[in-house]
Amino acid sequence: MKTGGQLIVDALEANGTDRIYCVPGESYLAVLDALHDSKIRTIVCRQEGGAAMMADCHGRLTGKPGICFVTRGPGATNASAGIHIAMQDSIPLILFIGQVASHAKEREAFQEVDYKRFFGDIAKWVVEIDDASRIPEFVTRAFAVATSGRPGPVVISLPEDMLTSVVEAPIALPHTPVETRPGEAELGALETLLGKAKRPFVILGGTRWDAEAVAWIRAIAEAWSLPVGCSFRRQMLFDHLHPNYAGDVGIGINPKLATAIKQADLVLLIGGRMGEMPSSDYTLLKSPYPDQTLVHVHADAGELGRVYRPTLAINASPSAFVQAFAKRKPASAPSWADETAKLHAAYLDWSTPPESGPGPVQMGPIMNYLEKMLPDDAILTNGAGNYATWVHRFHRFRRFATQGAPTSGSMGYGTPAAVAAKDLFPDRTVVAFAGDGCFLMNGQEFATAVQYDLPIVVVVVNNGIYGTIRMHQEREYPGRVVATDLKNPDFAALARAYGGHGETVERTADFPAAFERARASGKPAIVEIRLDPEAITPTRTMTQIRDKS
């Protein structure tokens with residue numbers, strides 16, 4: 001006989017959960033009490049949005065569901081930003097929400113929300129557990145749903161009285177992972193299509209990858225001399241210095257890369273959905289009928305043919321597909337090897353940062369310095385904003401599980417993601433990039449880093465504006481600025497107030513020493529870069545955008 005709270009924790013342990021991210025609430029005190037006697041690490045956060053984003057980053061870097069607990073009403077609605085990220089990014093995550101007691105439901109009780117309606121369009125599955133004896137069933141099913149097919153978030157509502165009820169229930173067993181594998185006929189058809197191709201191109205995306213799968217796709221690229229691009233914010237799927245790497249298929253794509261994809265006669269899309277951002281608003285691959293022969297590999301059959309009609313659809317997870325196709329070798333030397341080399345050279349040129357720009361701080365030399373100093377296994381996280389261009393275009397990712405960034409373009413992600421990454425991988429360097437607007441959306445999670453002694457480094461690029469929106473505003477409504485100016489705190493002083501280390505960079509030459517002091521402090525640190533708002537992109541100033549020059 002156990003309480004519902006104890007059964008929840010038992011089911012989590014049975015499914016391999018080693019840590020949870022939470023903001024405590026009276027609605028699930030029975031779960032918190034059960035966690036007191038568990039080996040599961042409980043990380044208390046400062047706001048539910050940050051907690052959900054930590055759980056998302058956990059799922060993103062490990063492939064296992066990140067677990068988040070929040071209280072009812074405002075706690076759940078705060079967490080919804082993280083659920084939306086996990087849904088659009090195909091990340092396994094399980095959100096547990098304390099709910100009002102059963103007798104009070106449907107009365108608009110204190111903080112009551114109908115979670116099936118609220119999360120219905122932004123979660124993969126939403127369920128409320130009314131009978132504590134069914135907890136093992138529902139939690140195990142949640143792990144299966146979150147990880148199978150196209151992964152995504154599951155939301156479980158927990159009525160308060162259900163958690164305190166004492167029942168007899170079956171012992172929880174772990175979920176059974178579901179793998180989708182390609183058939184020999186599909187592999188043979190792809191081999192035939194590649195044999196006929198003159199200008200093939202490979203795009204990697206989505207989730208359900210691991211380090212072994214990344215090694216397999218590298219071997220395939222080498223054997224077939226294939227040019228490989230990574231979908232928007234999936235850059236950790238291929239070594240950027242490998243001679244077959246052609247670049248990032250995302251926002252602000254290299255024009256030479258965009259041309260190569262449009263002119264390709266065969267596109268092999270593995271794992272990704274090729275949504276609005278990586279497809280350049282559905283222009284690289286036209287929807288619903290691409291100009292190129294499209295081979296689409298995806299673990300969820302529902303995604304095959306959903307937006308694009310593929311010539312060949314292969315229902316398989318990326319990891320299973322690349323392992324199977326790696327056994328196939330070309331009958332003769334591919335004719336496109338020279339083009340692959342040219343695309344890699346174009347990427348190296350595109351990803352070399354500029355040395356100059358407006359103002360006393362130049363981001364190009366700062367990125368050059370970081371490229372030389374950061375180890376290959378360093379984890380970089382970020383949210384959304386023009387500042388992120390410096391990371392995505394100029395940082396050369398080398399290994400799997402080194403990138404934490406939302407493809408959904410959600411602001412406020414970088415700091416909580418860095419906290420989760422550092423807790424998961426304490427021996428690795430973790431650097432979060434944030435704009436001034438982005439940081440202050442979830443910057444309170446810097447306190448979580450301090451609480452758990454997680455020495456992350458947050459690089460805050462402060463230009464005093466909501467930069468992306470100002471850029472669009474100046475382009476569409478020149479000189480009519482409204483609602484995009486920001487008056488910010490002293491971010492270095494804020495770091496010290498939290499108990500961390502703070503640095504302020506007002507000249508390019510000051511950054512290396514400031515960054516090294518931050519790393520050497522052994523504390524969570526903020527390095528604030530005071531950037532001229534004219535330096536709105538790596539290649540164009542705000543004035544040029546305003547003047548449309």
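**A charge, a strand and a helix**

Reply: Arg393 sits over the face of Trp350, 3.4 Å from the ring centre. A charge counts as over a ring if NZ of Lys or CZ of Arg is within 6 Å of the ring centre and within 35 degrees of the ring normal. Arg428 is placed over the face of Phe425, at 4.7 Å from the ring centre.

The model is predicted, so local features need pLDDT of at least 70 and side-chain atom pairs count only at pLDDT 80 or more, while totals for chains, interfaces and linings use all residues. Residues are numbered from 1 along each chain as its sequence is written, and side-chain values use heavy atoms, with hydrogens and water left out.

Now the strand. Strand β12 covers residues 266-270, and five of its five residues are buried. Helices (H or I, at least four residues) and strands (E, at least two) are DSSP runs, numbered from the N terminus. Buried means under 20% relative accessible area, exposed over 50%, and partly exposed in between, with a 1.4 Å probe and protein chains only.

In a regular strand the side chains alternate between the two faces of the sheet. In β12, Leu266, Leu268 and Ile270 are on one side, with Val267 and Leu269 on the other, and all are buried, so both faces are covered.

Next come the partners of β12. Two strands pair if DSSP finds at least two bridges between them. Strand β9 (residues 200-204) pairs with β12 in the parallel sense over five bridges, and Ile203 stands opposite Leu269. Strand β13 (residues 293-298) also runs parallel to β12 and is joined to it by five bridges; here Leu268 stands opposite Val295.

The buried residues of α9 are Ala213, Val214, Ile217, Ile220, Ala221 and Trp224. They cover an arc of only 120° around the axis, which puts them on the same side of α9. The arc is that of the directions from the helix axis to the C-beta atoms. These buried residues pack against β12, and also against α8 (184-196), β9, β10 (228-231) and α11 (318-325), where contact means heavy atoms within 4.5 Å.
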